Amino acid sequence: MTNSLDRTLRERALRVVPGGMWGHMHAKDLPEGYPQFFARAEGTRLWDVDGNEYLDFMCSWGPIILGHHHREVDAAALAQLQKGDAMNGPAQAMVELAELMVELIPHADWAQFEKNGTDATTTAVTIARAGTGKRKILVAQGAYHGAVPWCSPSLVGVTSEDRAHILTYTYNDVDSLNAAVDAAGGDLAGIIVSAFRHDYGKDQELPTVAFAQAARAAADAADAALIVDDVRAGFRLDLGGSWERVGVRPDLSAWSKSIANGYALSAVTGNDRFRAATQSIFTTGSFWCGAVSMAAAVATLTILRRDNALAHMEAMGTALREGLARLSESHAIPLRQTGPVQMPMVLFEDDADLRKGFAFCTAALKAGVYFHPQHNMFLSAAHTGADIARALEAAELGLRAVRALAPVAA
Ligand code: PMP
């Protein structure tokens, strides 16, 4: 990467952006050779600022669900842009989008819109407290719900008061959930659950029906809200919400990422029980009425439904998972593939220091395929059988690189 534009931009950024980059998209967390800066993206491909092309399996960490620069979504966004984006209030697209979401999402009697996933989870928690008049929120240990004090994975700059009414439980563990409910006493406002367990660097776990039902029952018994954080998984597993797959409906859901195929938007949906509470809280943002992203969301959700895109993503995800399993077997290098196939998590056995994961991903990157060693990846509806075949060729090189690693000294 010597003398590359990426290197130059990193150096310039270090002077004017603290640390050169914030948060989870800092390339320092990735193996050497991963670019920090990108120039363009199209379909399933993206190009870094030095012109290297990658077959993309991160999809902007989720938002890209129809492929980068989907023509119809961009056309809808552009048509709205030409009319107006930031105006003195919302455009017609807001009502159309809310109507579409109420139609698609069985638990939803209403929707309201924001910008980031953190806005949506935080608003859902505020609505739960407003609607119940209570304070405690149950959060799964290790779950990610955003980057503000009540839920940030880092405690730096966070006070204990910020977390005073947060209690934790273990995902999929009914006993620990019930213990946390007991600990909340009569003060339980809500239980927030991830669509499935997708903690960073860990094996993924789908919710068990027993856990989902226990969460619903506990919320009902305490007159509290059940909140599904569908920010990451939303619209990839089920257009009606990820917990439709376990037959449990939340009171409130938080959405973002893929809702508008990359345009900045998030949403909270809820049932009528929480309509008045939602109306009673004060929540707003300078850009929350932005009409372009709402028009893009109407197009995205319409296309997802029209094209049966979820079935395609599932088929492509299954082909990738099965191909990787075959390669893992033929190279005798055990892989752990967990969670839904549309959101693959690929980890190596005996790899606490990520040496294998990094070697695998570095080799794949050199072969032009962008995998992630620790975070779940994302399929989009644009991925084709040819893309999966190419990804598997790169994965084969990755496994060879793992095999070539020097044995760790005992
Ligand atoms: N919840 C989940 C499950 C997420 O994956 C994320 C983002 N990774 C968030 C909330 C926060 O969303 P945002 O980064 O848009 O604020």
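This is a predicted model: local features need pLDDT of at least 70, side-chain atom pairs count only at pLDDT 80 or more; totals for chains, interfaces and linings use all residues.

Biologist: Okay, how is the protein divided into domains?

Modeller: Domain 1 takes in residues 5–61 plus 308–403, and domain 2 covers 71–306. Their C-alpha centres lie 27 Å apart.

Biologist: And how many residues of each domain are in contact with the other?

Modeller: On the domain 1 side there are 23, and they touch 22 residues of domain 2. The area buried between the two domains is about 1,800 Å². Carbon and sulfur atoms give 55% of that area.

Biologist: Which three residues supply more than any others of the area domain 1 buries?

Modeller: That would be L310, P340 and M343, which supply 28% of what domain 1 buries against domain 2.

Biologist: Switching topic: at what angle do α5 and α6 cross?

Modeller: Helix α5 spans residues 174–184 and helix α6 spans 209–221. Their axes come within 10 Å and cross at roughly 15°. Angles under 35 degrees count as roughly parallel, so α5 and α6 are roughly parallel to each other.

Biologist: Is the crossing left-handed or right-handed?

Modeller: Right-handed, as α5 passes α6.

Biologist: Which residues meet there?

Modeller: From α5 you've got V174, L177, N178 and V181, and they meet A210, F211, A214, A215 and A218 in α6.

Biologist: How many of those are nonpolar, polar or charged?

Modeller: Eight are nonpolar, one is polar and none is charged.

Key
Residues are numbered from 1 along each chain as its sequence is written. Side-chain values use heavy atoms; hydrogens and water are left out. Axes are lines fitted to C-alpha atoms, for helices over the stretch in contact, and angles run from 0 to 180 degrees between N-to-C directions. Helices (H or I, at least four residues) and strands (E, at least two) are DSSP runs, numbered from the N terminus. Angles under 35 degrees count as roughly parallel, over 145 as roughly antiparallel, 65 to 115 as roughly perpendicular and the rest as oblique. A crossing is left-handed if the near helix is turned anticlockwise from the far one by less than a right angle, and right-handed if clockwise. Contact means heavy atoms within 4.5 Å. Ala, Val, Leu, Ile, Met, Phe, Trp, Tyr, Cys and Pro count as nonpolar, Asp, Glu, Lys and Arg as charged, and the others, Gly among them, as polar. Domain bounds come from an automatic or database domain assignment. Buried area is the accessible area (1.4 Å probe) that two parts lose on being put together, summed over both.
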